[in-house]
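The following explanation leads the reader through selected features of one structure. Please keep the sequence and the coordinates at hand while reading.

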Amino acid sequence: MTYEAVIGLETHVQLKTRSKMWCGCANEFGAPPNSRVCPVCLGLPGVLPVANEEALRLTALTGLLLNGEIPPYAKFDRKNYFYPDMPKNYQITQYDKPSAVHGFVEFEGCGGLARVNITRAHLEEDVGKNFHFERNSGVDFNRAGVPLLEIVSEPEITGPQMAYDYLNALVEILRYGGISDCDMEKGEVRCDVNVSVRPQGSADLGKKIEIKNMNSFSAVRRALEHEIPRQIEVLQKGGLLTQETRRWDDAGGLTETMRSKEMAHDYRYFPEPDLMPFAPTQDWLAEVKKRVVELPLAKKQRLMRQYQLPASDAQTFTWDRPLGDYFEKIAPRAKNPKAAANWIINNLRAKLAGTGRALADLKFPSEYILDLVELVESRQISSSIAQQVFAEMFDSGLTPKAIVEKNGWGQVSDAGAIEAFCDQAIAAHPGPVADYKAGKAAALNFLKGQVMKSSKGKANPNLVGQILERKLK
Ligand SMILES: [Zn+2]
């Protein structure tokens with residue numbers, strides 16, 4: 001019997017707000033332990049939460065960016081459980097009335113366009129972080145009460161690579177929308193994986209196994225690559241799987257049982273009595289809609305269509321947003337957008353990386369890229385000279401034309417001057433000349449190279465080729 005995997009992902013991302021979800025404490029990474037806390041986020045008795053409106057806006061915006069709906073009514077609930085990093089013994093979340101529902105993420109993968117539907121996106125708060133030392137343990141509550149958005153996918157993902165592609169597409173959308181920086185190093189994205197297997201084509205779902213708290217997408221992929229065959233093997237040997245929560249041991253490359261899975265009723269969810277349900281008004285939603293941006297995939301497709309860029313260039317401009325913006329500033333006026341893209345991707349990006357300079361600090365205006373392309377296309381300079389012009393333009397900020405004039409780099413298209421160089425090359429290299437005459441076409445390139453060298457790269461290469469051929473006939 002062949003089996004298929006059914007995977008659903010719950011992705012928690014930290015929202016990009018200045019303050020925490022229910023209090024005014026800074027939402028800030030890396031501060032000294034317990035320096036960004038107050039009675040509210042410490043969960044002291046009697047305090048009252050006040051919802052962070054920007055977090056509500058970012059949640060609605062996420063719903064819109066994920067092609068979802070914003071329900072007219074959302075509410076907050078208490079999820080009750082005890083853990084030392086959460087002293088109030090409940091987490092405020094959204095149980096049955098989330099802030100965004102029914103969307104989808106479209107992405108490139110599986111050899112084409114793939115789509116994963118989104119069940120819901122709901123707001124909740126983060127908890128503190130436990131630290132264990134040699135003789136004691138401590139809790140840092142700086143993270144307690146930081147707004148988290150949990151984005152729940154439908155169980156439609158069929159394999160480890162699809163899960164990986166979906167997650168990357170999702171965080172790219174969230175970064176684009178300014179929802180979250182999704183910085184993995186800072187733990188701003190965490191993922192719970194639900195995975196089961198079933199006989200191919202079966203409509204029933206197998207026993208769902210959850211792998212908790214994965215903080216890198218490659219770990220999600222590796223965990224699934226391990227977990228799916230493990231489940232299949234258990235079933236093939238006639239064993240039974242039980243619903244449980246497992247932990248991924250990245251170093252060991254295996255999953256292990258953490259606890260049998262709790263059911264929703266174990267948490268005793270009930271409406272949070274200290275927070276009003278949230279009913280967004282039309283005006284409020286209209287303000288949020290103004291913040292909707294073009295999605296990364298749509299941008300890539302548009303760049304390919306509008307400027308005839310190859311997929312790889314369009315992808316580079318999508319991933320590196322400032323570089324893409326730089327290109328789009330000049331692209332509408334470019335006669336040859338692909339050539340401008342080449343200069344930006346191959347030369348400018350390398351120079352920026354090499355010098356540590358930012359796009360904003362460039363000494364030359366972006367139009368100079370177009371001027372440079374124009375000089376090459378009109379054959380006023382050769383492409384090797386253009387490289388030198390670019391380097392000098394980057395350092396001095398002078399116009400390409402001024403640099404060419406200053407250095408006397410203008411391409412020699414004067415047939416007389418080129419003929420003289422060709423005569424010299426023919427006289428100096430009788431061997432290759434004889435080879436060429438004997439039918440070795442490649443020998444012409446050698447002679448061409450000699451002419452380019454003696455003209456210091458300034459001779460028009462096409463003209464050189466024509467003149468040499470004529471002379472050697
Ligand atoms: Zn606080």
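**From a loop to the metal site**

Cys-182 is placed in the loop that runs between α3 (160-176) and β9 (189-199). The model is predicted. Although Cys-182 is not a glycine, its phi is positive, at about 50°. With a relative accessible area of 0%, Cys-182 is buried.

Arg-268 likewise has a positive phi of about 50° without being a glycine. Its place is the loop between β12 (254-260) and β13 (270-271). Is Arg-268 buried or exposed? Its relative accessible area is 65%, so Arg-268 counts as exposed.

A further positive phi, near 55°, belongs to Cys-110 in the hairpin of β4 and β5, where two residues lie between the strands. Strands β4 and β5 (residues 112-125) pair in the antiparallel sense over nine bridges. Within this pairing, Gly-103 has Ile-118 of β5 as its bridge partner. Strand β4 (residues 100-109) is largely enclosed by the rest of the structure, because seven of its ten residues are buried.

The zinc ion remains to be described. Which residues coordinate the zinc ion? The donors are the SG atoms of Cys-23, Cys-25, Cys-38 and Cys-41, at 2.3 to 2.4 Å. Along the sequence, these donor residues follow the spacing C-x1-C-x12-C-x2-C. The angles among the four donor atoms are 101 to 114°, and the site is tetrahedral. For four tetrahedral donors, the ideal angle at a metal is 109.5 degrees.

Conventions
Residues numbered from 1 in each chain as written. Predicted model: local features only at pLDDT ≥ 70, side-chain atom pairs only at ≥ 80, totals over all residues. Heavy atoms only, no water. Donors = N, O, S within 2.8 Å, 3.2 Å for Na, K, Ca; no water. Tetrahedral: all angles 85-135°; square planar, octahedral: opposite > 155°, others 65-115°. Buried < 20%, exposed > 50% of the residue type's maximum accessible area, 1.4 Å probe, protein only. Helix = DSSP H or I, 4+ residues; strand = E, 2+ residues; numbered from the N terminus. Pairing = 2+ DSSP bridges.
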